[in-house]
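Below are a sequence and its structure. The paragraphs after them take you through the structure step by step.

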Amino acid sequence: MPILKGKDILHGNQFTKKDVETILKVASEFERELKKKDTLPLLKGKILATLFYEPSTRTRLSFEAAIQRLGGGAIGMGAVESSSVAKGETLVDTIRTVSQYADVIVLRHPRTGSAKEAAEATSIPVINAGDGAGQHPTQALLDVYTIRQELGTLKNLTISLVGDLKNGRTVHALVEVLSLFQSKLYFVSPDLLRMPEEITSNLRGKGVKIVETEDMMEAARASHLIYMTRIQKERFADLSEYEKVKGSFIIDQTFLEKLNKKVTILHPLPRVDEIHPDVDAYPGAAYFRQMRNGIFIRMALLAMIFGKR
Amino acid sequence: MPILKGKDILHGNQFTKKDVETILKVASEFERELKKKDTLPLLKGKILATLFYEPSTRTRLSFEAAIQRLGGGAIGMGAVESSSVAKGETLVDTIRTVSQYADVIVLRHPRTGSAKEAAEATSIPVINAGDGAGQHPTQALLDVYTIRQELGTLKNLTISLVGDLKNGRTVHALVEVLSLFQSKLYFVSPDLLRMPEEITSNLRGKGVKIVETEDMMEAARASHLIYMTRIQKERFADLSEYEKVKGSFIIDQTFLEKLNKKVTILHPLPRVDEIHPDVDAYPGAAYFRQMRNGIFIRMALLAMIFGKR
Amino acid sequence: MPILKGKDILHGNQFTKKDVETILKVASEFERELKKKDTLPLLKGKILATLFYEPSTRTRLSFEAAIQRLGGGAIGMGAVESSSVAKGETLVDTIRTVSQYADVIVLRHPRTGSAKEAAEATSIPVINAGDGAGQHPTQALLDVYTIRQELGTLKNLTISLVGDLKNGRTVHALVEVLSLFQSKLYFVSPDLLRMPEEITSNLRGKGVKIVETEDMMEAARASHLIYMTRIQKERFADLSEYEKVKGSFIIDQTFLEKLNKKVTILHPLPRVDEIHPDVDAYPGAAYFRQMRNGIFIRMALLAMIFGKR
């Protein structure tokens, strides 16, 4: 029975280890096939709707490209100001509307829990493309796809997650998936932006080894991989707090020379200044390859949701 | 000879009774076919352009989905601020431009009469998707499609139209179409937002029975169907007038219990608070089914405009 | 060997006379074919990404229509405010991102030189759709296509370029292409908005005869064709300077009567008031035909970039 058929994609903790392995396998198959041709028309006639209540480049465009490479089409709500949201429509009413026109909905919304609320309001599958500081499960899947591609395995890795661990939905989703693979995790953040206690204790409960620190060098020395994140200005109610912590953790040539060992670097992007452009040519800098993998993972998820793999 | 081939869709009064019946028949056929498959590729290679100078979710997305389900594609001007409108281009020049690239134009614009002006500026068909407080004929057609679906007939019905009858383009278009079917109409609105005298007297001239009232309960008791509309904040120059009348007419559980008889409820959506969400589960609440019908009607209109039905 | 295969389209000076002739030939072939059918599916499965950091109607929509008429699809970044640009992402990072999802990028950006910068950041072809006051080469090609169509030849023509020659990227690109065809050029502008000295002397070096004047009538009398441009408010840092020069040069019925000879009029559009609408019916008013040619030229360029012509 196809594992994701008709399902929502809402949270990093919804997948079993077997699910993740199957998704990565399908993505990997699609990556190979796309080297030979431009499209894999498994979803001809299917319409994907994008509802982005927050800015996006990567996630929205990669979903739109993914559905097109699968032979389907996309429709998009566009900017919130140009939609009926501007007339006061609730999320639930908008979701019910779009459900009448599309076969799957991709939602980004500033409120944690909004994707679940949306999924409950409709019978068509909803994919959470970021709900506030909550989750971003398709990013987590492309992240582990990249980790396996770069390091050859997902098992027994030591990984540093750096930056805004409090508000960062990508790391919130990623640690759920990593918890399936016996990882040791370093949580590197300013005190103000620590991983929420609830997540940390839940992970520990699942047997994940966690070290919390403000020392990025110490963490990097112990790690196979550093997952950098942006300090997200838009999540701060008080901008003076943002000013205090922005630029806390930066990877540049100086840092890499001091580290003096090979490390793999990921970042969900966009970056502001937490990874200096002079790092881009470093062999371990995998964040542009990571980005490309978004297409394969999202194609895999869409194909599986429609029971085509 | 195909009745809409090459024609503009501008005004609710442009259709004969026979036209309406043919359009509903085609829409009904498409509804049946879409239960069996995702697309009906009658319009392969056709390009629909959306020009929305005012916010929209339903109308734009349902047109984009409709052309895709017919095998064609869509291009969109996007937000006014991102287009040459921002450089001072007139509507007529923009229409002439888009006419060079697309096969049909769907226009929403804040000025009454703008759709007609657009149609005169180009030789390709223009579909009026709302011109200020003027008309919204494709909405009227999906409304009568829904009425017939819910009530089994369009003839000899008593219908209450409630809310902003002065500025509401959906009701202005709907009454034109209903006037073809021996309806009795209750116009329920605050005094400030009454149906324009010109429309009312024109309808009476066609033999439509009209009762104007501010008593929604009285109207509802006499009616087979209540057509609610939003008090549209964006049409008020003076916001204090908006404050006076918003929330004048609300359907909720209490109202329905007091009414104590089955009634069908439509709404063009979005709603703000004129229909309480606790009404959504009421069997007569047909506004989400109504919305879905937008796809079938718009597919029917597009297919007919290109002579494919 | 296909002349544009895999190439960027960045600058009017990148084309040889032979290149231009080949592009016009392909465009002309496509124009003929599109009279017979809606699409020429040479680019099935190809995805074009539009990144417009400045407003556009014509250029973006004609590229989107062009790729669709060739059987491919489009994805778009949409408004800058709704993209990761709003989170502080650099142009280079955005380009690298979009390169992972699309097969060709069409970029409009307010900074001169940005298209070249973008092309250097990616291995997929970049098409410059306007870089600040720099270049707009696809416009130049559709302009010469129109000139040849209207006048039967490109050789030995006298052409007046009128308006904002300092900031006008369309004229900066056009003069590069015209310089291949023994043109005599009148540069008609207010003193403040003269063609940059660098461009003028470079053209003279190539043997182009140039007359600089503020007298539009004198220039028009000597010319086969007048190329009008808009005084672009958005290029003025000091709005009082804009007020001084706007409306300097206007073509209307009075001007044409005084001129008293047939002349062909082009304009890249949008216009504000530099060509009065009463000129639109004048047989030499070719600016709407010019606009239509954008489709054929852009289809030709896309097909050639992918080696399909």
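Helix α5(C) passes helix α11(C) in a right-handed crossing. This is a predicted model. To find the pair, look in chain C for residues 137-151, which form helix α5, and for residues 287-305, which form helix α11. The angle at which these two helices of chain C pack is about 120 degrees, and their axes are 8 Å apart. Angles from 65 to 115 degrees count as roughly perpendicular and angles over 145 as roughly antiparallel, while what is left over counts as oblique. α5(C) and α11(C) are therefore oblique to each other.

Which residues of the two helices meet? On the α5(C) side they are C:Thr138, C:Leu141, C:Leu142, C:Asp143, C:Tyr145 and C:Thr146. On the α11(C) side they are C:Arg289, C:Gln290, C:Asn293, C:Gly294, C:Ile297, C:Arg298 and C:Leu301. Sorted by class, the contact of α5(C) with α11(C) has five nonpolar, five polar and three charged residues.

Helix α5(C) also packs against helix α6 of chain C, which covers residues 169-178. Here the angle is about 55 degrees, and the axes of α5(C) and α6(C) are 8 Å apart. That makes α5(C) oblique to α6(C). The crossing of α5(C) with α6(C) is right-handed. In this contact, α5(C) supplies C:Pro137, C:Gln139, C:Ala140, C:Leu141, C:Asp143 and C:Val144. Helix α6(C) answers with C:Thr170, C:Ala173, C:Leu174, C:Glu176 and C:Val177. The classes in the contact of α5(C) with α6(C) are seven nonpolar, two polar and two charged residues. C:Leu141 and C:Asp143 of α5(C) take part in the contact with α11(C) and in the contact with α6(C).

Next, consider a whole chain. Chain A holds eleven helices and nine strands. Its C-alpha atoms fill a box of roughly 55 × 45 × 40 Å, taken along the principal axes. How does the radius of gyration of chain A agree with that of a compact globule? For 309 residues, a compact globule would have a radius of gyration near 19 Å, and the 19 Å of chain A agrees with this.

Most residues other than glycine have a negative phi, and most peptide bonds are trans. A:Asn260 is not a glycine, yet has a positive phi of about 60 degrees. Look for A:Asn260 in the loop of chain A between α10 (253-259) and β9. The peptide bond from A:Leu269 to A:Pro270 is cis, with omega near 0 degrees. A:Pro270 sits in the loop between β9 (264-266) and α11 (287-305) of chain A. In chain B, a cis peptide bond joins B:Leu269 and B:Pro270, with omega about 0 degrees. The loop that holds B:Pro270 runs between β9 (264-266) and α11 (287-305) of chain B.

Now turn to how the chains are arranged. A rotation of 120 degrees, with 0.0 Å of shift along its axis, superposes chain B on chain C with an RMSD of 0.0 Å. That is the relation of a three-fold axis. Of the contact residues of chain B, 8% recur in chain C, and the copies use different surfaces. Chain C can likewise be laid on chain A by a turn of 120 degrees and a shift of 0.0 Å along the axis, with an RMSD of 0.0 Å. Only 8% of the interface residues of chain C are also interface residues in chain A, so these copies meet through different surfaces.

What does each side of such a contact consist of? Between chains C and A, 24 residues of chain C are in contact with 22 residues of chain A. On the side of chain C that touches chain A, the elements giving two or more residues are β1 (47-52), β2 (73-76) and α3 (91-99) of chain C. The largest share, five residues, comes from α3(C). This side of chain C divides into nine nonpolar, ten polar and five charged residues.

Between chains B and C, 24 residues of chain B are in contact with 22 residues of chain C. β1 (47-52), β2 (73-76) and α3 (91-99) of chain B each supply at least two residues of the side that touches chain C. α3(B) gives the most to this side, with five residues. By class, the side of chain B that touches chain C has nine nonpolar, ten polar and five charged residues.

Methods: Residues are numbered from 1 along each chain as its sequence is written. Chains are lettered from A and ligands numbered from 1 in the order in which they are written. This is a predicted model: local features need pLDDT of at least 70, side-chain atom pairs count only at pLDDT 80 or more; totals for chains, interfaces and linings use all residues. Copies are superposed by least squares on the C-alpha atoms of residues with pLDDT of at least 70 in both. Two residues are in contact if their C-beta atoms, placed from the backbone, lie within 7 Å. Axes are lines fitted to C-alpha atoms, for helices over the stretch in contact, and angles run from 0 to 180 degrees between N-to-C directions. Helices (H or I, at least four residues) and strands (E, at least two) are DSSP runs, numbered from the N terminus. Angles under 35 degrees count as roughly parallel, over 145 as roughly antiparallel, 65 to 115 as roughly perpendicular and the rest as oblique. A crossing is left-handed if the near helix is turned anticlockwise from the far one by less than a right angle, and right-handed if clockwise. Ala, Val, Leu, Ile, Met, Phe, Trp, Tyr, Cys and Pro count as nonpolar, Asp, Glu, Lys and Arg as charged, and the others, Gly among them, as polar. The radius of gyration is taken over C-alpha atoms; the globule rule is 2.2 Å times the number of residues to the power 0.38.
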